[in-house]
Amino acid sequence: MILLTRKADFSAAHYYWNDRWTPEENARVFGKCANRNGHGHNYTLEVTVAGEVDPVSGFVVDLKALKDILEREVVSVYDHRHLNLEVAEFKETIPTTENIAIAIWKRLEGKIAGAKLHRVRVYEMPDLFADYLGEEGGEG
Ligand SMILES: [Zn+2]
């Protein structure tokens with residue numbers, strides 16, 4: 001088994017807000033991130049797939065196909081969008097780095113022919129990222 005990672009970038013706006021809390025509680029927990037006009041990040045996505053090297057092609061997956069899937073399923077949906085306001089999965093779910101990683105996993109799961117989705121890593125900033133390994137947590 002070998003791991004292969006493909007990167008993609010997108011820029012998006014978000015804010016952090018829990019409707020069940022008062023504005024004061026949101027401000028206390030989320031600080032400046034609770035500003036409902038939002039703020040932006042340049043996100044970097046790393047998608048790692050696991051599989052076997054094809055003895056003929058030398059590849060785990062078709063790299064062009066993987067790039068196209070990331071573009072279609074994630075970048076074209078998230079890039080230059082306000083995640084809270086424009087992306088369905090964040091209408092009810094706060095678009096933290098962690099939740100974005102989980103949402104991207106759900107978008108990609110089962111769509112990568114010939115390999116298993118192994119890890120979704122989302123960088124919100126160069127020094128902050130979240131990893132999601134699926135519900136199995138990377139077992140098996
Ligand atoms: Zn932010």
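Contact here means heavy atoms within 4.5 Å. With that rule, Ile104 touches Phe10, Leu45, Val74, Tyr78, Val120 and Val122, leaving out residues up to four places away in sequence. The model is predicted, so local features need pLDDT of at least 70, side-chain atom pairs count only at pLDDT 80 or more, and totals for chains, interfaces and linings use all residues. Residues are numbered from 1 along each chain as its sequence is written, and side-chain values use heavy atoms, with hydrogens and water left out.

## Overall build

The chain has 4 helices and 5 strands. These are DSSP runs numbered from the N terminus: helices are H or I of at least four residues, strands are E of at least two. From the N terminus on, the order is β-α-β-α-β-α-α-β-β. The C-alpha trace spans about 60 × 30 × 25 Å along its principal axes.

Of the 140 residues, 41% count as buried. Buried means under 20% relative accessible area, exposed means over 50%, and partly exposed lies in between, with a 1.4 Å probe and protein chains only. The accessible surface comes to about 8,300 Å², and 52% of it belongs to carbon and sulfur atoms. Areas come from the Shrake-Rupley method with a 1.4 Å probe; for residues, only the protein chains shown count as cover. Among contacts between residues at least 6 apart in sequence, 67% join residues at least 24 apart.

## The sheet

The 5 strands form an open sheet in the order E3-E1-E2-E4-E5, with mixed pairing. Two strands pair if DSSP finds at least two bridges between them. The edge strands are E3 (81-82) and E5, each pairing on one side only. Two of the pairings are set out below.

| Strand pair | Sense | Bridges | Bridge count source |
|---|---|---|---|
| E2 and E4 | antiparallel | 7 bridges | DSSP |
| E4 and E5 | antiparallel | 5 bridges | DSSP |

A hairpin through 2 residues joins E4 to E5. Met125 stands opposite Leu128 in E5.

Glu46 sits in strand E2. Is Glu46 buried or exposed? Glu46 counts as buried, at 10% relative accessibility. Beyond its neighbours within four places in sequence, Glu46 is in contact with Thr5, Arg6, Lys7, Arg119, Val120, Arg121 and Tyr123.

## Nonpolar cores

A nonpolar core is a set of buried Ala, Val, Leu, Ile, Met, Phe, Trp, Tyr and Cys residues joined through side-chain atoms within 4.5 Å. The largest has 31 residues; Phe10, Tyr78, Ile100 and Ile104 have the most contacts inside it. At least two residues of this core come from each of strand E1 (2-14), strand E2 (39-51), helix H2 (63-78), helix H4 (97-108), strand E4 (116-125) and strand E5 (128-132). Apart from it lies another core, of 6 residues, among them Tyr15, Tyr16, Phe30 and Ala34.

Leu83 belongs to helix H3 (residues 83-86). Leu83 counts as buried, at 0% relative accessibility. Its contacts, leaving aside neighbours within four places in sequence, are Ala12, Ala13, His14, Tyr43, Tyr78, Phe90, Pro95 and Ile100.

## Aromatic pairs

Rings of Phe, Tyr and Trp (its six-membered ring) pair if their centres lie within 6.5 Å; planes under 30 degrees apart count as stacked, over 60 as edge-to-face and the rest as tilted. The count comes to 7 aromatic pairs. Phe10 and Tyr43 form a stacked one, at 5.0 Å centre to centre and 20° between the planes. This pair links distant parts of the chain: Phe10 is in strand E1 and Tyr43 in strand E2, 33 residues apart. Both Phe10 and Tyr43 are buried. Phe10, Tyr43, Tyr78 and Phe90 form one aromatic cluster.

## The zinc site

Which residues are the protein donors of the zinc ion? They are His14 (NE2), His39 (NE2) and His41 (NE2), lying 2.0 Å from the ion. Donors are N, O and S atoms within 2.8 Å of the metal (3.2 Å for Na, K and Ca); water is not among the atoms, so sites may look incomplete. The donor spacing along the chain is H-x24-H-x1-H. His39 is partly exposed, with a relative accessible area of 24%, whereas His41 is buried, at 12%.
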